[in-house]
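Thanks for making the time this morning.

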Amino acid sequence: MNIMNKQERERKWTVNNDGWMENVYSRYNITQGYLSRNPDVRVRIESHGGLLLGYLIVKGDRYFDDCRDEFTYEIPVHEADMLLDLCRGQIIRKTRYLVNAFDKDTKKIIPSDRCKFEIDVFDEPDGIETICEMEYSRDEDLERVMIPDWLGDDVTGDESFYNHSIGAPLIS
């Protein structure tokens, strides 16, 4: 079993237009559901390049607006499907696009392990706004990144724009 623990650092924005599409370097479909929303525990199945993978992801509370601990466990896809069934219809389906980030001074691509944009286009539930997350590894990357004009409002910390707030209310 592969396990990854990291400090997740991200900013979040609404998206004004599709200008981001010219810098997409990868995309994959995600189905995710929540077993618990406090702290966030999400189970999702990802399909990337035709390879099906299952994950159990545990996220802790944010200790700054844009930082929290994240634990990712790779699990067999059939187990992820069974866990998604426990989510009682509280399912999100989306396509995630990975988009290059650029240095505002040099205009060069920042390596994706240091900074990248992730655009989530939601298929289910209907009517959810397209959201962009920028994951970054160091404060200096955040300071150096060129903020593209296709980004809208900064909604970092606004719980209504986080996936655990999307979908049906919890069933007790």
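This is a predicted model: local features need pLDDT of at least 70, side-chain atom pairs count only at pLDDT 80 or more; totals for chains, interfaces and linings use all residues.

Of the 172 residues of this protein, 44% count as buried, where buried means under 20% relative accessible area, exposed means over 50%, and partly exposed is in between, with a 1.4 Å probe and protein chains only. Residues are numbered from 1 along each chain as its sequence is written, and side-chain values use heavy atoms, with hydrogens and water left out.

From the N terminus the order is β-β-β-β-β-α-β-β-β-β-β-α-β. Among contacts between residues at least 6 apart in sequence, 64% join residues at least 24 apart, a contact being heavy atoms within 4.5 Å.

Let me turn to strands 9 and 10. Strand 9, residues 115-124, runs antiparallel to strand 10 and is joined to it by six bridges; two strands pair if DSSP finds at least two bridges between them. The two form a hairpin with six residues between them, and G127 in the turn has a positive phi of about 80°. In strand 10, residues 131-136, six of the six residues are buried. I131, E133 and E135 point one way, whereas C132, M134 and Y136 point the other way. In a regular strand the side chains alternate between the two faces of the sheet.

What stands opposite I131 of strand 10? The residue there is D120, and the side chain of D120 makes a polar contact with the side chain of R96 at 2.8 Å, a polar contact being a pair of N or O atoms within 3.5 Å in which, within protein, one must be able to donate a hydrogen and the other to accept it, and residues adjacent in sequence count only if both atoms are side-chain atoms. R96 belongs to strand 6, residues 91-99, and is buried, with a relative accessible area of 4%.

Now the core. The largest nonpolar core has 16 residues, of which F117, I119, C132 and W150 touch the most other members; such a core is a set of buried Ala, Val, Leu, Ile, Met, Phe, Trp, Tyr and Cys residues joined through side-chain atoms within 4.5 Å. Strand 1 (3-15), strand 6, strand 9 and strand 10 are the elements that give two or more residues to this core. A second, separate core of seven residues includes Y34, F122, V155 and F161.

Finally, consider D103, in the loop between strand 7 (101-102) and strand 8 (109-110). D103 is buried, with a relative accessible area of 6%, and the side chain of D103 reaches the backbone nitrogen of T106 at 3.0 Å, while the backbone nitrogen of D105 lies 2.7 Å from a polar atom of that side chain. D103 and V145 are 42 residues apart in sequence, yet 4.7 Å apart in space, C-alpha to C-alpha.

Technical notes
Helices (H or I, at least four residues) and strands (E, at least two) are DSSP runs, numbered from the N terminus.
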